[in-house]
Amino acid sequence: MEIERSYLRRRGRRRSGLPLTDLAAVFSSKLRLTLEENLGKKSAEALLSNTHYNTTCPDAEAIINQKVAAWVKKDPTLAPSIIRLHFHDCVVRGCDASILLNYPNSERAAYESRSLRGFQVIDDIKTEVEKKCPRTVSCADILTAAARDATILAGGPFWEVPLGRRDGRVSIAREASLVPHGHENITALVGLFQELGLDILDLVTLSGSHTIGRSTCHSFMDRLYNFNGTGKPDPSLNIYYLKMLRRRCQGELDLVHLDVISPRIFDNVYYTNLKRKVGLLSTDQSLFSDARTGPFVEAFATQPFLFTSQFAVSMVKLGNVHVLTRPNQGEIRANCNYVNPL
């Protein structure tokens with residue numbers, strides 16, 4: 001923690017008004033958060049375990065790792081896509097693989113889910129796991145572990161994924177709109193994360209997954225021409241970045257890297273981009289300008305280890321959101337696309 005304290009002493013008080021000791025304490029408590037503490041809670045997530053499949057399907061994580069590596073080797077853009085797929089799943093009904101259910105009026109069929117990718121990766125993993133251990137490993141666990149492996153392959157940190165989730169049986173298209181899509185204000189994002197059991201630090205940290213991956217121009221087109229109905233571009237956009245984005249976005253479905261500097265490397269450059277006013281989505285750029293989130297952005301921008309360490313912690317928390325773990329909850333799907341026949 002000495003690197004954090006020395007950094008905080010140099011910067012003085014933050015715009016949030018938090019004394020240095022308080023801000024340092026926040027980081028200290030978050031970074032010391034261990035998996036055992038998470039699992040010690042008397043809740044559904046307490047039934048998750050690192051050893052859940054040790055006897056019933058000991059090869060499960062190896063299969064997941066090998067399959068994700070093979071797919072990402074063929075197409076590196078799948079790494080951020082799998083992380084995003086996991087996030088979309090957990091925001092709606094918790095981490096229960098509801099996003100994978102493939103039928104009319106499911107989350108997957110919703111307009112808001114049209115740019116999601118990585119379903120074939122999960123199907124491939126599930127097929128192989130079913131050969132080894134039929135009806136044993138849930139799709140929810142596969143997706144959660146695959147998100148971790150995708151992060152590592154992109155250069156991000158490792159973390160132990162507690163397993164034992166069960167798959168949900170319900171998926172409703174209109175609920176897909178609950179997932180942030182780049183236009184929300186910080187207050188709305190903070191409120192959403194609180195409902196998920198996540199805090200402001202988790203919000204800033206998990207947003208850092210935008211250090212890799214791409215976005216459709218539709219998600220930020222208003223920033224280029226008609227921000228908040230003003231008929232003008234977003235004044236918080238760097239003028240040179242604005243011109244570049246206008247050239248790149250000839251159509252709403254055109255793709256642009258979320259991190260203009262190092263788009264294929266999992267690093268903290270996402271946060272330095274925000275300081276330079278080259279955050280792609282308005283939700284990204286607002287993290288730097290808002291007094292509640294700005295101090296964390298500044299800390300992550302200058303201390304890469306803080307970001308990667310906290311990212312591992314926050315991803316464990318995300319993967320534990322509203323999980324189904326008890327025998328009378330959900331099921332273990334035989335096929336991730338469909339609920340089991342009665």
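**Helix packing, rings and burial**

Analyst: Let me start with two helices: H5 and helix H15 (residues 304–319) pack with their axes 10 Å apart and at an angle of about 45°. A helix here is a DSSP run of H or I with at least four residues, a strand a run of E with at least two, and both are numbered from the N terminus. As for the ground rules, this is a predicted model, where local features need pLDDT of at least 70, side-chain atom pairs count only at pLDDT 80 or more, and totals for chains, interfaces and linings use all residues. Residues are numbered from 1 along each chain as its sequence is written, and side-chain values use heavy atoms, with hydrogens and water left out.

User: Why are H5 and H15 called oblique to each other?
Analyst: Axes are lines fitted to C-alpha atoms, for helices over the stretch in contact, and angles run from 0 to 180 degrees between N-to-C directions. Under 35 degrees counts as roughly parallel, over 145 as roughly antiparallel, 65 to 115 as roughly perpendicular, and the rest as oblique. The angle is about 45°, and H5 and H15 are therefore oblique.

User: Which residues of H5 and H15 meet?
Analyst: Ile83, His86, Phe87 and Cys90 in H5 meet Met315, Leu318 and Gly319 in H15; contact means heavy atoms within 4.5 Å. By class, this contact has five nonpolar, two polar and no charged residues. The classes are simple: Ala, Val, Leu, Ile, Met, Phe, Trp, Tyr, Cys and Pro count as nonpolar, Asp, Glu, Lys and Arg as charged, and the others, Gly among them, as polar.

User: What makes His88 count as buried?
Analyst: Buried means under 20% relative accessible area, exposed over 50%, and partly exposed in between (1.4 Å probe, protein chains only). His88 has 4% relative accessibility, so this residue counts as buried. His88 lies in helix H5 (residues 78–91), and, leaving aside neighbours within four places in sequence, is in contact with Glu107, Glu112, Leu116, Val179 and His181. UniProt lists His88 for "active site" in an unreviewed entry; its positions are given in the numbering used here, feature names are shortened, and annotations may be inferred rather than shown by experiment.

User: How many aromatic pairs are there?
Analyst: The count comes to nine aromatic pairs. Rings of Phe, Tyr and Trp (its six-membered ring) pair if their centres lie within 6.5 Å; planes under 30 degrees apart count as stacked, over 60 as edge-to-face and the rest as tilted.

User: Why is the pair of Phe87 and Phe193 called tilted?
Analyst: The ring centres of Phe87 and Phe193 are 6.3 Å apart and the planes stand at 35°, so the pair is tilted. Phe87 lies in helix H5 and Phe193 in helix H8 (residues 186–195), so the pair ties together parts 106 residues apart in sequence. Phe87 is buried at a relative accessible area of 19%, and Phe193 counts as buried at 4%.

User: And what makes the pair of Tyr270 and Tyr271 edge-to-face?
Analyst: Their planes are at 80° with ring centres 4.9 Å apart, so the pair is edge-to-face. Both Tyr270 and Tyr271 are buried.

User: How do you know whether Asn228 is buried or exposed?
Analyst: Asn228 has 63% relative accessibility, so this residue counts as exposed. Asn228 is found in the loop between helix H10 (221–225) and helix H11 (239–248).
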